[in-house]
Amino acid sequence: MRLRHLRVSAFGPFAATEEVDFTALADAGLFLIQGPTGAGKTSVLDAVCFALFGTVPGPRRNVRNLRSDHAAPGAEPKVVLEYAIAGRTFRLTRSPEWQRPKQRGTGTTRQQASVIFEEHSAEGWRALSTRIDETAHQVEKTLGMNVAQFSQVALLPQGDFAAFLRAGAEERRKVLEKLFATEIYAAVEKRLAEERARTHREADALLAEFTTTARLVAEVAAVEPPEDAAEDALLEWADELAAGHAVRLRGAEEALEASRAAVQAAQRAAADAVELNRLKGEHAEAVRRRAELDGRAPGIALLRERLAAAERAERVRPYGSALRGRRQDAENAERQAAEARRALSALVPPAPLPCVCAEAECRCGWSAEASAETVGAARRVWQDEIARLDGLRGRELRLSEVTREVAELRERAERQSREEERARQDAERLPALIEADRRALETARIGASQVESARKAGDDAARAVEDARRRDKLKRDLAKAEEAHRAAVDRAQEATDALQTIRGARLAGMAALLAAGLRDGEPCQVCGSAEHPAPAVGAAEVPTDADEERAGAVQESCQRVREEAAGRCEGIRAEYDVLAGLVEGTVEALMDALAAAQDTLRARLADAGRVEELDQRVREGERLLEQAREAQGAAGRAVAEATASVQALTEEAGGLRAELEVARGTDASLNARISRLTSEAALLDAAVAADARTETASRELAQAETAFDAAWREQGFASVEDARQALLPEPERAAATAEVRGFDDAEAAVRARLESPELRAAAVAEDIDADKARTAAAEAEEAHTALVSAHDAARRVSGRLAELAGVLRERHAAWLPAHAAYTTTARLAYLVNGQPPNPMQMRLSAYVLSARLDQVVAAANARLSTMSQSRYLLHRTDERAAGDTKRAGGGLGLRVIDSWTGQERDPATLSGGESFVTSLALALGLADVVTAEAGGAEINTLFIDEGFGTLDEDTLDEVMNVLDSLRGGGRSVGVVSHVAELRTRIPTQLRLTKTRHGSRLSTTP
């Protein structure tokens, strides 16, 4: 990456807009950033880092206010950086969060941070993103490194590397973890530890199931399981038990089969005895029943004759029933004909009837003797009149339609008159309402335009409340953290005192400890004598190594807790100081301001919500006004048209009404007249039909009388009375029939039973004692039941043992791969976590970091040898981190080899200049390794911050030679320093001038 151009405005110490042309500085290869203390030399580097990553490096990253205090109140802080990498040119424009003056009223409001990420192409600058999170991702992708790596590769902070050089292994581990992203190795360690625990649980669970099954085998077999037997031996033991019980089961089955045959034979003998006795009794009962039936035979013969006569009489019964029915039909027909003729007496013909009687004196009236021809002629007269009147129904229907249309037209005219009046009133009322809505719409539009400012004010007030609450909570947390810190300090001091006490006691009682280990005849470890005439006493009161180790562990733990508590206090205090300076006022006061801002926002939102409604109401009012005016004219025209139609229809109705009055005569209406004539025609139809039914009934009655007489004679009865006397009521006939049938059935059953071979055989067979046979069968069944129980028990035990033996093998087969998986996983987990069989006893993550540190040391020594005139070299040691008792996290110590003395030195013993040279070499070496780790990202602009004032003239020459070598390949190096000698050595300079109104930048070629 090569920086091209930087522009800062209202940022850090720069009140106005300052620009740096890195392209011009890069031409010299080496340039100096110089100026008085506090002028902002480091702020130039902060601006570069902030433009790229949105944060500044080092301890200043927690500072929230990056805006210049010297800038004008409304000046926006902004950093614009152009850089090129891999043939592409990018531009970043960032503005941090800041408090800007409110647009209305007094006070300030928070302005959110913003970013614009652009790329230059043939068409000009093209925006890639305006989102902070997306821009961060794209910048890291193009650079190939994050902010921590960039700070170590492009911005070499000498103070940080002096601390890194002198730091302990644990602090150095934390720095290296940030730079080299060894989280994946720590994740591997954790994952393998979790897998070891999981596979161990699975293997133990499966082994427990196997052991439980083995105990169940012993319980089922009622034996003791073998002690301390291997898994394979348990399998063989279970198979042997199952085979033995299978043999026992086969013996039980053979005995059971023999017992079953004996039981069956005894049961058959008992059943045969019982059956023989039953058949003998049944034969005796059949003989007695046959004698009883022979006594009832004469009475049954008489009953059969009575039933035969009743059967013949029943064949005559239907003819008598038919005769009675025909006689009743004839009487009914004659009565109905008389009634129909009497109903004709009141009829008045609608026209004169013709004479059809052909007698000297006419008899065609409506008397009961009127002929059928007279009634038929009357039917034709009535039907002709009904047909004529049906033809006039259309006139009556038209009169109804005309009458309804007149009523509807009159109603329509009245309705249109009312519509015309309402339309006139609306046309007079709507203009005032429309004007009122227009005024309300204008007011709402003004309120809607203020929504965003009201929402911004509400957001600012809400953030202020949140910051105030966070500030107050941090204040309480700080008090608790300070109390915890004081308690941790006290505990750490107590642990240190206890450790010192134990060590002092051990030194005081060292002789007693040596004396406690003396044995008669064995040489003393101090003097070598085998005699011990006066050994020291009191060894029981001297602390042991274990006591000292435990006290040391407690002291180290308390120290870590104290340091953590101190760090927690510092973190909370830093955040609290920022919020205390940012937020003023109590939470309650800020809540009141928030409520007021929310009320204002709700009012503005309500105005915005009413704009569309009011606009719609205005348009709707204008539309209704136009409709009212149109409706008023249309209603007037409709009233005139309806009045003219009513006049024409009234005249038509008069003519129709006169014609219908003549047609209906004395009846109320035409329909009433038609209905009356239709009813009278129905009476005439009924009279004709009644005459026809009377003639038919007389003919059928004569036929029924003839058939009845033939029927009783045919059945052999002397008279009708004999046939009637032979009839039996249905209950008596049914009872007699049942009695005869029962006798026949009983006689047939007795005959069949007496003739059966089994009864004949039983009658002549010898008697058998059934009770004795049943007793023998019961004894055989009891013995068989005992054998069945024994067989069932043997079958259950044998089956269960065979099943459990199979389950035992299945669970053994399931346990074997789980045990193998646990063995493999445990060995690998112990290896990567620094436990045996790991010969180095070093964790995988620590091993990776130590390898990275070896690379850093190798790269640093290449430059340190030159800058120190081949005197010093760095060397990595296996120094352990605090609390690392087994070197699982060690391997990150640093020592300096002094070739003049041949001894290793602690970096803390180096002088100021030597520390600067060593730190610079270490920083450059770490930058090389981090660059390679980031995929070989090309960094063509490098900054080295301070530290040159500690060098003598010769050392400074060597350092400058190394810096000159860094310019190879087109790289430019910026040295940040206020050392006066560098001004003559480095002619190309970026100068900073400090004034009361902010710092200024200028370039000296």
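In the predicted model described here, Phe 53 touches Arg 94, Val 139, Glu 140, Leu 143, Met 145, Asn 146, Val 147 and Phe 150, residues up to four places away in sequence not being counted; contact is taken as heavy atoms within 4.5 Å. Phe 53 belongs to helix 2 (residues 41-53), where helices (H or I, at least four residues) and strands (E, at least two) are DSSP runs numbered from the N terminus. With a relative accessibility of 14%, Phe 53 counts as buried, the term standing for under 20% relative accessible area (1.4 Å probe, protein chains only). Between Phe 53 and His 137, which are 84 residues apart in sequence, the C-alpha to C-alpha separation is 9.5 Å.

Residues are numbered from 1 along each chain as its sequence is written, and side-chain values use heavy atoms, with hydrogens and water left out. Because the model is predicted, local features need pLDDT of at least 70 and side-chain atom pairs count only at pLDDT 80 or more, whereas totals for chains, interfaces and linings use all residues.

The largest pocket has a volume of about 860 Å³. A pocket is here an open set of points on a 1 Å grid over the protein atoms alone, where a 1.4 Å probe fits and protein lies on both sides within 12 Å along at least five of seven lines; lining residues have an atom within 4 Å of a point. The volume is the space filled by probe spheres set on the points, which are joined across faces, edges and corners. Of the 28 lining residues, Lys 102, Thr 108, Thr 109, Ala 457 and Asp 460 are the closest to the pocket centre. Helix 11 gives the largest share of the lining, nine residues. Asp 460, placed in helix 11, counts as buried at 14% relative accessibility and, leaving aside neighbours within four places in sequence, is in contact with Thr 109 and Arg 110.

An open sheet of three strands has the order 11-12-13 with antiparallel pairing, two strands being paired if DSSP finds at least two bridges between them. Strand 11 (872-877) and strand 13 (903-905) stand at the edges with a single partner strand each, so one side of each is left without a neighbour in the sheet. Six bridges join strand 11 to strand 12 (residues 893-898), and Arg 876 has Leu 894 of strand 12 as its bridge partner.

Technical notes: Buried < 20%, exposed > 50% of the residue type's maximum accessible area, 1.4 Å probe, protein only.
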